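Please read each point against the coordinates.

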Amino acid sequence: MAIELPVTRPTNPRFSSGPCAKPPVFDLTALSDAPLGRSHRAAVGKAKLLEAIETTREILGVPADYRIGIVPASDTGAFEMAMWSMLGERPVQMVAWESFGAGWVTDVVKQLKIEATTHTAEYGEIVDMAALNYNNDVCFTWNGTTSGVRMANGDAIPADRKGLTLCDATSAAFAMDLPWDKLDVTTFSWQKVLGGEAAHGMLILSPRAVERLENYTPAWPLPKIFRMTKGGKLNEGIFKGETINTPSMLCVEDYLNALKWAKTVGGLQGLIARADANAQAVADFVAAHEWIDFLAVDPATRSNTSVCLKFTDPRITDGAAFAKAVAKRLADENVALDIGAYRDAPPGLRIWCGGTVETADVAAMLPWLAWAFETEINA
Ligand SMILES: Cc1ncc(COP(=O)(O)O)c(C=O)c1O
């Protein structure tokens, strides 16, 4: 049985969960103001780096007394530098409900080998954040990029906690409200919600996180790219654009360009609304088709960025092969690129719905998903 091809194609078929689609207005010529071939320590370079920090603060609503630094090695670098520099002062609660959180558990338990309690949930579920001991340090991921499960809010985190909260917000920043008063360390990378370039990490520290850095020295050695203090004092320069090592000024310009675009769509609330509209388009599709469902069990925890779906048709015998074949059909038609589930996640699809994606493109892509499903199930 031949299934008819949909007529409309998305203008942009990029639905990858990282690196994510660039802003719709992106054009390489917009980067022509990058101070290429100049030192990042020259006034022009430092000014660009400081602008990236302060515009991030403005759009995300980060409090004035929180430090924001641009650090090496993307989100991974930012989160690891925080864990290696701050953990070990007290016991740690490690929280994981998908692959990235699980990676941080491995770091703490197998590499740092500090006293830790691990709380995990299966893909699709979330850990009960109210059951944690916040007088310990707590490490968690706000949005589980590989399961499409996110924190609904930060209400479970007490304001008067004694420990620090370390939050990997890679696929949440610029798409979800982050309660800064509940977060002591927050990290993300440019390559996600704003469609920036990879390799540069953002590290946001509360005053209590800085206090920890200045009053605690870990028992283990720290490589140069993790070091945030000198002589027991915070290296304030890092948080003013004096990066630890050399950043790419082309990537900085690209991030500035994305931030500028973010302002044109209404800043954080505009970006959240765009992601919500994209995720809603997928939700409407899921509601209308009985062969597909969200991986996230509780609708309150469904991500509006990394939307993870599973096929539920009883005719499917090999779930992994089926999902792969559907994703391949969509890629071959150039209507949806890179939407197979993450390698460690249950078989299915992951459709990026962050604010750089246009709702019209999601809407144009979904009939193709129905086409690919019907074609594959009847193959
Ligand atoms: C939740 C989460 N943490 C960490 C990472 C790693 O980010 P990066 O590769 O930018 O270091 C990702 C990337 O997908 C992520 O989604």
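1. Strand β2 (residues 92-96) and strand β4 (residues 137-141) form a parallel pair over 3 bridges; two strands count as paired if DSSP finds at least two bridges between them. Within this pair, M94 stands opposite C139 of β4. Element names follow DSSP runs numbered from the N terminus, with helices being H or I runs of at least four residues and strands being E runs of at least two. The model is a predicted one, in which local features need pLDDT of at least 70 and side-chain atom pairs count only at pLDDT 80 or more, whereas totals for chains, interfaces and linings use all residues. Residues are numbered from 1 along each chain as its sequence is written.

2. The pair belongs to an open sheet of 7 strands with mixed pairing, in the order β1-β9-β8-β7-β4-β2-β3. Because β1 (67-72) and β3 (116-120) each have a single partner strand, they stand at the edges, and one side of each is left without a neighbour in the sheet. From one strand to the next, the twist averages 15°. Angles run from 0 to 180 degrees between N-to-C directions, and axes are lines fitted to C-alpha atoms, for helices over the stretch in contact.

3. Contact here requires that the C-beta atoms of two residues, placed from the backbone, lie within 7 Å. Helix α2 (residues 74-86) lies across β1, β4, β7 (165-168), β8 (185-189) and β9, and runs at about 40° to β9.

4. The loop between β1 and α2 contains A73. Phi of A73 is near 70°, a positive value in a residue other than glycine. Most residues other than glycine have a negative phi, and most peptide bonds are trans.

5. Which residues come nearest to the ligand? They are S74, T76, T145, T170 and S189, out of 13 residues around the ligand, a residue being near if its C-beta atom, placed from the backbone, lies within 6 Å of the molecule. Helix α2 gives the most to this shell, with 3 residues. By class, the shell has 2 nonpolar, 9 polar and 2 charged residues. In this classification Ala, Val, Leu, Ile, Met, Phe, Trp, Tyr, Cys and Pro are nonpolar, Asp, Glu, Lys and Arg are charged, and the others, Gly among them, are polar.

6. The axes of α1 and α5 come within 10 Å and cross at roughly 35°. The contact involves G45, K48, L49, E51, A52, T55, T56 and I59 of α1, together with M249, V252, E253, Y255, L256, L259, A262 and K263 of α5. By class, this contact has 9 nonpolar, 3 polar and 4 charged residues.

7. The domain assignment, which is automatic or taken from a database, gives domain 1 (28-263) and domain 2 (267-377). Their C-alpha centres lie 28 Å apart, and the contact takes 28 residues from domain 1 and 26 residues from domain 2. On the domain 1 side, the elements that give two or more residues are α1, β6 (149-150) and α5 (249-264). That side has 12 nonpolar, 10 polar and 6 charged residues.

8. An open sheet of 3 strands has antiparallel pairing and the order β12-β13-β14. Since β12 (292-294) and β14 (349-352) each have a single partner strand, they stand at the edges, so one side of each is left without a neighbour in the sheet. Neighbouring strands are turned by 35° against each other on average, direction ignored. The antiparallel pair of β12 and strand β13 (residues 306-311) extends over 3 bridges, and F311 in β13 is the bridge partner of I292.
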